[in-house]
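Here's a quick briefing to read with the model open beside you. Take a look around first, and then we'll go through it topic by topic.

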Amino acid sequence: MNNTILDIQDLKVEFPINIGTVRAVDGVSLKLNQGEVMGLVGESGCGKSTLGFSILRLLRPPGRIASGRILYHGRDIVSMDEKEVLKLRGRRIAMIFQDPLTSLNPLFSIGRQFVETLQTHEKGINKKQAILQAESMLESLGISKERLQEFPHQMSGGMRQRIMIGMGLILNPDLLIADEPTTSLDVIVEAQFLDLLADLCRQYNLTIILITHNLGNVAQLADRITVMYGGTLAEVGLSGDIFHTPLHPYTQGLLASIPNIKLDQPELSPMEGSPPDLVNPPTGCVFHPRCPQVMDICTRQRPPAFQKNGHQVSCWLYR
Ligand code: SF4
C-alpha cells in the first residue's frame, strides 16, 4: 500500500534580491510516509526552513517557488489556487514556529484563540463545543483547562510552546511542520517537549517534519533524517544509520563537531570554512570548497543522489 503523504519533486525556491538570486532550495526531492517523523537538519541558511514554508506556500516575498512539485496525498500544492491552499493550512497541514510569543496573539486569552481557530475552520461549530474541544486538547497537553482564561504572557515558555502545538493539532491535521520548536526552551523543558511531541505523534498518527540544527533533538525523535547543505539534500537515511554510519562528508563533519559522551573525544573537530554563498554557489558539488575528500569531478559536476547501504547520498564517492 502506498502510504506516501508528501512527495516533493525537484523543488527550486528562489529569492530575487538586488545583487542576484538566492537559490535557497535547489532541486530537492523527498518523500514522507504517513506517521513518520522526519528530522530536517543542517546549518543556518541551508534551506531547511524555506523548504518547510514552501510546503504551506508561506514564503515571505520576494521568495517564490521557481519550479518543481509538492504532492500532498497526490495533489500538487504548487499549482493549487490560493483558496485550496487556505483549506489545507491548519486543517490538513499545520506549522509551529520557533517563538510562540510572536505566534500567539498577546491581546487575546488562550481560550479565545482556540475558539477563533475552530470557528474559522469548522463550519457550524458553536462556542460551547469549541471550548470543550479546547479543554480536551489542553488536558492532552498536560495543562489544566482553567488556564484557557489566561493570556500568553501569563505562561512559561514551555507552556506557550505546548499551547502552540495544541493550536496546531486542534483541527486534527495529518502533517505537522515544526520549525526549530525548542530554540526558546531550556534543556529540561526541551526534553519534556520532545517527549510530548513523540506521544502526540503516536496518539494522532501524525506525520512530523522536525526542522532543527540540533542533532540531539532529531536523535531523540526522528525515524529518518534528511541532511541539507547549501539548498540541496546531502544525505537521507534512517536515524540510526545517519548517526552510526554517516556517508556524506558533510554529515560526517556535522557529527564530528558535536559532543558525544559515548565517544572518547579529546577535542571536537569543527568544520573548516563557511556555508556557501547561495547567490553564486560553487560549481559542481556545493560542498566541495569545504570537503576534505574533494576530487576533480566534484568541482565540475553536481553529484546526483546515489543509493548506498540504505542511505540516499549526493556525493561522488558513492557513484
Ligand atoms: Fe566531497 Fe566530492 Fe562528495 Fe562533494 S561530491 S561531498 S566534494 S567528495
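Where is the place of Glu180? Glu180 sits in the loop between E7 and H7. Keep in mind that this is a predicted model, so every value below is computed from it.

**Glu180 and its partner**

- Glu180 is buried, with a relative accessible area of 7%.
- Its phi angle is near 45°, which is a positive value in a residue other than glycine.
- That's worth a second look, because most residues other than glycine have a negative phi.
- The side chain of Glu180 meets that of Lys48 in a salt bridge, 3.9 Å from N to O.
- Lys48 belongs to helix H1 (residues 48-55) while Glu180 is in the loop between strand E7 (175-179) and helix H7 (187-204), so this pair ties together parts that are 132 residues apart in sequence.
- Lys48 is buried as well as Glu180.

**Other salt bridges**

- How many salt bridges does a search of the whole structure find? The search turns up 13.
- Asp174 and Arg92 form one of them, with their closest N and O atoms 3.6 Å apart.
- Asp174 is in the loop between helix H6 (157-169) and E7, and Arg92 is in the loop between helix H2 (82-88) and strand E6 (93-96), so the pair links parts that are 82 residues apart in sequence.
- Asp174 is buried, with a relative accessible area of 10%, whereas Arg92 is partly exposed at 32%.
- Arg300 and Asp296 also pair up, with 3.2 Å from N to O.
- Both of these residues lie in helix H11 (residues 296-300), 4 residues apart, or about one turn of the helix.
- Arg300 is exposed, with a relative accessible area of 51%, and Asp296 is exposed too, at 56%.

**Around the ligand**

- The space that the ligand takes up is the largest cavity.
- Residues surrounding the ligand include His248, Cys285, Phe287, His288, Cys291, Cys298, Cys315 and Trp316.
- Sorted by type, the shell around the ligand has 9 nonpolar residues, 3 polar ones and no charged ones.

**The chain as a whole**

- You can pick out 11 helices and 12 strands in the chain.
- For 319 residues, a compact globule would have a radius of gyration near 20 Å, and the chain's 21 Å agrees with that.
- The C-alpha atoms fill a box of roughly 65 × 50 × 45 Å along the principal axes.
- Of the 319 residues, 49% count as buried.

**Loops to look up**

- Which kind of peptide bond runs from Pro61 to Pro62, cis or trans? That bond is cis, with omega near 5°.
- Pro62 is found in the loop between H1 and strand E4 (64-72).
- For comparison, most peptide bonds are trans.
- Asn309 has a phi near 50°, a positive value in a residue other than glycine.
- Asn309 lies in the loop between strand E11 (306-308) and strand E12 (311-313), and Asn309 is exposed, with a relative accessible area of 61%.
- Pro106 is placed in the loop between helix H3 (100-103) and helix H4 (110-121), where Pro106 is exposed, with a relative accessible area of 54%.
- Pro106 and Arg75 are 31 residues apart along the chain, and their C-alpha atoms are separated by 36 Å.

Technical notes: Residues are numbered from 1 along each chain as its sequence is written. This is a predicted model: local features need pLDDT of at least 70, side-chain atom pairs count only at pLDDT 80 or more; totals for chains, interfaces and linings use all residues. Side-chain values use heavy atoms; hydrogens and water are left out. A salt bridge is a side-chain nitrogen of Lys or Arg within 4 Å of a carboxyl oxygen of Asp or Glu. Helices (H or I, at least four residues) and strands (E, at least two) are DSSP runs, numbered from the N terminus. Buried means under 20% relative accessible area, exposed over 50%, partly exposed in between (1.4 Å probe, protein chains only). A residue is near a molecule or strand if one of its heavy atoms lies within 4 Å of it. On a 1 Å grid over the protein atoms alone, a cavity is a set of points where a 1.4 Å probe fits but cannot get out, and a pocket is an open set with protein on both sides within 12 Å along at least five of seven lines; lining residues have an atom within 4 Å of a point. A molecule sits in a cavity or pocket if more than half of its atoms lie within 2 Å of its grid points. Ala, Val, Leu, Ile, Met, Phe, Trp, Tyr, Cys and Pro count as nonpolar, Asp, Glu, Lys and Arg as charged, and the others, Gly among them, as polar. The radius of gyration is taken over C-alpha atoms; the globule rule is 2.2 Å times the number of residues to the power 0.38.
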